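Please read the following note beside the sequence and the model.

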Amino acid sequence: MNQTTALEYLQSGRNVFLTGPAGSGKTFLLNDFIQWAKQAGKKIAVTASSGIAATHLGGTTIHSWSGLGIADRISEYTLDGLTQKPHLLTRFNNTDILIIDEISMFDADRLDSVDIILRTIRNTAAPFGGIQVVLSGDFFQLPPITRDNKPVKFAFESHIWNDLNLVVCYLDLVYRQSDDPLLTILQDIRRNAVTEATIEQLQARLDEPMPDHLTPTRLYTHNIDVDTVNMAELNKLPGEQKHFQMTSTGKKDQVAQLKKYCLAPEELAVKKGAAIMCIKNNPKSGYVNGTLGTVIDFDNDSVEIQTAQKKVIRLYPESWIIEHDGKKIAQICQLPLRLAWAITVHKSQGMTLDEVEVDLSKSFAPGMGYVALSRVRTLAGLYLRGINQKALFVDPRITEQDLLFLEISKTFEAT
């Protein structure tokens, strides 16, 4: 389905599942819909399954918004407690549209629990209390995190999924990789159809030497590796080190949530020559989430970088905001930058990178290899340092369900 048709379904008031491969423009389309809804006077709640994804859309986590919190599922005792909270009644009754982004990381039990909470507090048997629901994401991305080795139950396996009568909008045009050979590799992974030829293409990128002028972002599966690499590389550079402090306003708990999940550090340390990554979309200023560059200058309130394409950009502090019912309740301000010698695969979701160095030999979750490989624009920009079998594995339930989503989407596109 094309974006124009998908936007029309979103604007129609129907419940929608917006999906498609990495780089197909799901977040871009959601932002267009959010702006339209606000201008149309709709009261819209923007949430996501993870704090990182929520900051990309200016929203909050679905756990926080719904009152579910960290619970795996709602109990009668907890539900009774939530019904005593006037702010939840006000919040839910003042919501026309609920968006849940990165639905792949939100499991079936939690989705059912949010449905029960909304039905109970809004006092109606209608799915999600009669609110228009927009679920967005790609199930080939990172799966839900489970506790105590419980089996993963995807959101589409929830009781409420079919009751929502979702219009499936499957965006199938990938902008990130275009006609590059990497696109075929990613399609093979999605279909669980990795062949010897697929593996040979990836193995050809193993231990490929990097040109001297390149400083690609290294993707790691664990946080400790990222922090170690970034600080070690920064300390190697000569010259003055400049520190930029984050500022904040609003409710303390919401500010804390923004700080926890925003990719911008509370204290950004830079030097001339530092590898840097833009972490916000600002096409007018010449950068997007994932733009790589090198610091060439800075003053007290801005940093000048040169991108991989030799474009010089000066960046100033930007804001990350949490809104409820159209009101700003928390805000943080910081330069939209972070050190970019290394980043975790998890934090790279949603980014588009020109060059990536990645070791997938420690991959521990289905989808991790797909997420890492789908960040980079071209196969030539991929510098592979290791890979294991799990890195290319996807859950067969997802492959089967994805084919069904594609067929359903075609029927909606034809009507």
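A residue is called buried under 20% relative accessible area, exposed over 50%, and partly exposed in between, with a 1.4 Å probe and protein chains only. The model is a predicted one, in which local features need pLDDT of at least 70 and side-chain atom pairs count only at pLDDT 80 or more, while totals for chains, interfaces and linings use all residues. Residues are numbered from 1 along each chain as its sequence is written, and side-chain values use heavy atoms, with hydrogens and water left out.

1. Phe17 and Phe139. Both Phe17 and Phe139 are buried. A search of the whole structure gives 14 aromatic pairs; rings of Phe, Tyr and Trp (its six-membered ring) pair if their centres lie within 6.5 Å, and planes under 30 degrees apart count as stacked, over 60 as edge-to-face and the rest as tilted. The ring centres of Phe17 and Phe139 are 5.8 Å apart and their planes are at 50°, so this pair is tilted. Phe17 belongs to strand S1 and Phe139 to the loop between strand S5 (132–136) and H8, 122 residues apart. Helices (H or I, at least four residues) and strands (E, at least two) are DSSP runs, numbered from the N terminus.

2. Phe140 and Tyr370. A further tilted pair is formed by Phe140 and Tyr370, because their ring centres are 6.2 Å apart and their planes are at 50°. Phe140 lies in the loop between S5 and H8, and Tyr370 in helix H13 (residues 368–373), so the pair ties together parts 230 residues apart in sequence. Phe140 counts as buried because its relative accessibility is 1%.

3. An aromatic cluster. Phe17, Phe139, Phe154, Phe156, Trp161 and Phe405 together form one aromatic cluster.

4. Helix H14. This helix (residues 396–414) has 19 residues and spans 28 Å from its first C-alpha to its last, close to the expected 27 Å; the expected span is 1.5 Å times one less than the number of residues. Its buried residues are Ile398, Thr399, Gln401, Asp402, Phe405, Ser409 and Phe412. They lie on the same side of H14, because they cover an arc of only 165° around the axis, taken from the directions from the helix axis to the C-beta atoms. On the other side, Glu400, Leu403 and Ala414 are exposed. The buried residues of H14 pack against several elements, including helix H1 (3–11), strand S1 (16–19) and helix H9 (181–190).

5. Helix H9. Seven of the 10 residues of H9 are buried, among them Leu182, Ile185 and Arg190. These buried residues pack against S6, helix H10 (196–203), H13 and H14. Just after H9, Asn192 takes a positive phi of about 55°.

6. Ala372. This residue is in helix H13 and is buried, with a relative accessible area of 0%. Leaving aside neighbours within four places in sequence, Ala372 is in contact (heavy atoms within 4.5 Å) with Leu219, Val345, Val358 and Leu360.

7. Nonpolar cores. A nonpolar core is a set of buried Ala, Val, Leu, Ile, Met, Phe, Trp, Tyr and Cys residues joined through side-chain atoms within 4.5 Å. The largest core has 80 residues, of which Leu111, Phe128, Leu135, Phe139 and Trp161 touch the most other members. A second, separate core of 25 residues includes Val226, Val270, Cys278 and Val295. In soluble globular proteins, nonpolar side chains tend to be buried together.
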